[in-house]
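Thanks for coming. I will go through one model this morning, starting with a sheet and ending with some helix packing.

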Amino acid sequence: MRDTAKKANGEKRAMDVSCSANGKKATGSKKDDDGSFPVKIQGAGVEAFELQVHGFWLVQDAIVTLLGREEVAPRSSVALALSGVTLDPMTELQDVKGFKAGVTLRLVEEPYSPRSAQAHLARVQEMLKAVRPQDALMEGRSPAVLNTLTQTAEAPPTLHSSKNKRANSKTEQSAEVPPPPAYILPGVSELPPLTILLPTNTHSEAPSYLLDLSLSCWNPPPGFRKLQGDFMYISVHTLEGKQCDITSCPRGFYINRSTLEVFDPRPAQSTPVCHCLTDLLSHISPQFKHNLSSLRHRPSLPAEETLSTPYRTLSWLGVSSLHSHKPSFRGRLGLDQDLNVQAADWNKELQAARDLPQRSLEERLQRDRALLQVNSAFVWAVAQAAEKVIDGFVDSVNASHEDPAFLCGGVFMSMPAHRDHWLGGERSHRAAQRHELRCVQAYSDLEGDLQNLHTIPTALADYRGVRLSAQGLAPGIQGPEQAEIPNGLLYGYSAGPLENPSRRKLLELLAQSAKALSLQRHVVLGPTGHQLPLFTSVDAQGILGADGRYYLLDVYRTMPADANFHVEDEGAVTEEGSFPRRYPHVLCRLRPELVKAFIQHKHAQFSQRVKTHMEENEGVEECMKSADSLNIDAVRKACKDVGSISDIIFEMRFIPNVYSPGVQFPSSDSDAVELQKKLLKEAASFIINDRIPDFMNDCIHGTDIPMDGASLRQALHQKGINLRYLGHLILSISQSDLKHQLRHIMRLAFAEIVVRCAQRFFSGYIQGVETTNLSAAASHFLCCLLVPHFSSASTGEESKKRSRRRGRGGGGAADSMAWTALSGNELWSLIGQDAQETYRLKEGLGSNVDHLVEQYGLQKISLLREMCLKTGIQLRLREYILDNRNKAPISPDDVLNILPVVKHITTTTTDATRMFKAAQNSLQKGLLEQAYEQLKEATYLFGRVCDDLHPEACRCLSQLAKVAYVQGHPAEARSVQLRVVVISERVLGFDHPNTIQQYVLLAVYLLAGGETALAQRCLYRAKVLLLTVHGADHPYTAVIDASLGLVLQGEQSLQYLQSALKLNSSFRGDTDLTTALMHHLLAQRLCLAGDYRGGMNHEKEAHSIFQSKYGEDHPQTKCSADFLTNITQQAVRVERSIRQGGAELCDTPPEGLVPSQDTTLEQLALVNGILKTSYSTRMMEFKEKLKERKAAEEAEKLNWRTLNQPMRAKIQSCRPVMERILRRPQRMWNRQKVNHRKLTLLRNLTTLK
């Protein structure tokens, strides 16, 4: 459900400034350490309650928070008063006279305006709307599914309200443990049913409140009633059958005497005037009052389930809305039309948020939150505008059929059909739109003074095959020019010679931004042959808007060109698999991540070259002792070797216009241009020779392994690898000795290529389809993609007849039914050609999808999911038999919706992200306590900005749960992880790879708390999701199977552990540490089953791996050796017993062979990466030294405390001086070379009492 912030309503865009309705989050900072304190709220017919507020809040912030409380909703138009004085909404609470902790604030009812009365009706309608599990799915959003795992016949309450009551005994807990379903057992080829992925059953339906609530037929009020304060008339039909008309006026609402036949606006006899509409409805309808009371006392859900996500996360599956679509009073109240008459000025709101002060932490948090809210509302407005434009509800503002432009909801949307031919047509135009968005993100992320360089809010919307470029209105377009502000073009290729203070200020900002983005100032020849200095690409334009701000436009070629896809000799023929090569468009640019990584790579080369040149002179030590000339000479040579633009310091920058068609440089800069071409070729080679091999290595040994197309794209982009290298990635894997270990990446790469090529053809295919045939055309395309040799003729004419019946009349049959001519063979032929042209696939994709299924193990259901997420198609939740060639597996009725897919910039959470990175650094150093406190602080900061509904906040909370668990707080880890799973489902997707991993981690924490049954259900769901998203042949399947093997007992435990061992050996190799861990776990379980011989063999394998990796003296090797000794001894006893004629032995294995509960939990933590499988020798040495240092400090403190009294008094007199010395910055201590012992001595002296 979207709140007003998501409906492009400019006046209601502010969301709750508090972290949650009652103040603080459980994992935030400590109570009241952020300046929060309680106040008492009463008045306006509301029962008194306590509210946690912050002194820095504005009064308006407190009011917004109050309006979100259950006790106050749906009241609106209220103010706060203290001691009878109404408070100014724009005043900070801490500045209010007499305001303090525990003070009582009164709610004061304010008069309505026509607009605020409509807003009140909207709040009433939202509150009365029954919230059901399917609501999110019907709106195309990803739902939270975790609650459904905890529902049993005895316990219908939600997970968070019941808090998962633990069983009182192990017997009760074991009785509830469900066996694993057959479809998730190892080796089973049957896929899990799709119907179990999402909840299909609802709770008891919410009660009805009214039969009807709509605008009266007597609207609008006549003139003489307007003069008496009538805003509107509302018609109500209660559950008791009573019909009446209600008047809305400044004082509130009252019943009038009008009927369907007679207009009589006078108040009815004995009718009260109620400020809140629900109070009046409760007065006239006892049943409404009773049901409303039940609504207020329903179990409350946590904030992460009730708050709207900043951006819509699409769900590719949904429930059929044929019988589940419920009536809404919203349309009949005219709210959709009237409330959005005033369109928002998105650029004005974004820039106003950017200009908020940042002097303190509190101001930065408020600024980040404001930016997120504005950007979120803008993205929702873009999605709504895209639907209205393509659906035909908006007329073009320029009356152009070639390049139409639209204005809807304050969003300017362009749909250029014809781009300059040199760009390469439609594909180049789409690439330019992507690059524009990426570079707007880069400029938006700049900090400090560079935030004075502004960009216009930008987003892309793909809907029904059309890509729309969405922007806020540029400033100064419609306003008159002002003499004091030289409005117009100040910078750009077409800008004439102009010198004024505004231009100089803009050039200064551009110079600083170029340095931050590693761009080089350069000179090009202008249109008239004059030399033109630039800091950006030739397309960029800098203007001074009418609002006095500097804007940069058309930045799509800001990043350097990719030399691998620029062929200088047009007649040259490139060899297969070699570079450079041609690409379907000419806008191939390097990613920002690649530029950063390449500069770091060159800096490492520079440092090595400096060291080499010093050694060539007189050695490093001699150069450091000798005169500066030798050092400078070594640095100069190293700068020249690596291509630094400076010859005295390392500085690597790029000219974005190199390799740009039509750009000419002065002849005097030929050397600089050649150097840039050399650097760009080196950067292109760096992708091939360094980044792609690094990516392949990470996929084998890393922890975050791609499972679907989205995670593959994210992993490649983090390495700076563009998706146009997918073909080369496949070639590199196929030529690698480790191609068998990378088969899952090969599978994902082929699927991504197929989906991207199919999406391009779907865009052109669906654009020519009439609206009445959209669902049929979409289902036909999916069938052609997934069913070999599919055609409309092969499945009968039923779908064509059904589509014709929907056509509402005859006309235009030939063109409107052209989509039915597409066949599976034709589509795969087109996809194969495009894949060969774009990605240069050596082997090709085959004649149909079955080739990829048989050759690479690709799943059709996974391909269907990827295609739906790419195109915005939402399918009905049911089973799809995709191997049936006699009947279309996907019918028109299965296509529930086509939703716009919006690409947008993301706003930064600066302080929270910085604290999160600091916590990660502390973890790498082994400082758990420090990392724990930093993670709690980062969590609090994320909550202040985005209510934790953010991917980075999800990662932070997950890390906090891990650290809490390692520190021995499983209950806290469980509580945090419950939130993590819900956030991941809602923000990333119910079947996103991160959600799968979070379910497995939740199972570990639940098991630590004794909740075995729920832990198993979480593991079952994780396995089901992974089998659907990718399939069983994936490295992470080994993690889930190993976890199940540790949780289950008996034969099933052995079955899952054997599967995990097989997968680990296959993907990570026979000598990997995780493989050794699997051998050890399997050895333990075999011993429990009495198979000591098999256990001994597996433990030998584990011991051999530990010994080869660590050596004999490592704790891991010694532990394995001890366990092997115990197994051997027990095996000898068993063998001896058998030889002695079957003498009885105790059925229970020796204590050393039976893992305790703590051991099992530790093994689960190792399997899931909560603990590491290897000990860091460096870290152990560091901890030992730290322990020795602390012991020495304590000894010194003890010695000083035993000093005689005169000496202690003398030291006390010197204490202020010593404290001043200790307050010096650390760099001064380093510069003065104060050793640690002296520093410790000073600190000990100052602590003496």
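**The four-stranded sheet**

The sheet I want to begin with is open and has 4 strands in the order E6-E7-E8-E9, paired antiparallel. Its edge strands, each pairing on one side only, are E6 (212-215) and E9 (252-255). From one strand to the next the twist averages 25°.

Before going further, the conventions. This is a predicted model, in which local features need pLDDT of at least 70 and side-chain atom pairs count only at pLDDT 80 or more, while totals for chains, interfaces and linings use all residues. Residues are numbered from 1 along each chain as its sequence is written, and side-chain values use heavy atoms, with hydrogens and water left out.

Helices (H or I, at least four residues) and strands (E, at least two) are DSSP runs, numbered from the N terminus. Two strands pair if DSSP finds at least two bridges between them.

Strand E7 (residues 232-237) and strand E8 (residues 243-249) are joined in the antiparallel sense over 6 bridges. Within that pair, Met 232 stands opposite Ser 248 of E8.

Helix H2 (residues 114-128) packs on the sheet, where it touches E7, E8 and E9, and its direction makes about 20° with that of E7. Contact here means heavy atoms within 4.5 Å. Axes are lines fitted to C-alpha atoms, for helices over the stretch in contact, and angles run from 0 to 180 degrees between N-to-C directions. Helix H8 (residues 277-284) also lies across E7, E8 and E9, at about 20° to E9.

**Backbone details**

Next, where are the cis peptide bonds that join Ala 73 to Pro 74 and Phe 579 to Pro 580? Pro 74 is in the loop between helix H1 (59-67) and strand E3 (78-82). Pro 580 is in the loop between strand E20 (550-553) and helix H17 (592-617). Omega is about 0° for the bond at Pro 74 and about 0° for the bond at Pro 580.

Positive phi in a residue other than glycine turns up at Arg 464, near 55°, and at Asp 948, near 70°. Arg 464 sits in the loop between strand E14 (458-463) and strand E15 (466-472). Is Arg 464 buried or exposed? Arg 464 is buried, at a relative accessible area of 13%; the cut-offs are under 20% for buried, over 50% for exposed and partly exposed in between, with a 1.4 Å probe and protein chains only.

Asp 948 is in the loop between helix H31 (928-946) and helix H32 (951-966). With 1% relative accessibility, Asp 948 counts as buried.

**Helix packing**

The axes of H31 and H32 are 9 Å apart and the angle is about 150°, so the two helices are roughly antiparallel to each other. The scale is under 35 degrees for roughly parallel, over 145 for roughly antiparallel, 65 to 115 for roughly perpendicular, and oblique for the rest. H31 passes H32 in a left-handed crossing, that is, the near helix is turned anticlockwise from the far one by less than a right angle.

Which residues of H31 meet H32? Among them are Leu 928, Tyr 932, Leu 935 and Phe 942, and the H32 side includes Cys 956, Leu 957, Leu 960 and Val 963.

Ile 996, Gln 997, Val 1000 and Leu 1007 of H34 meet Tyr 1036, Ile 1040, Ser 1043 and Val 1047 of H36. That contact divides into 6 nonpolar, 2 polar and no charged residues.

Last, helix H41 (residues 1157-1167), whose buried residues include Leu 1161, Leu 1164 and Leu 1166. The buried residues of H41 pack against H32, H34, H36 and helix H38 (1073-1088). After H41 comes Gly 1169, with a positive phi near 80°.

Notes: Nonpolar A, V, L, I, M, F, W, Y, C, P; charged D, E, K, R; others polar.
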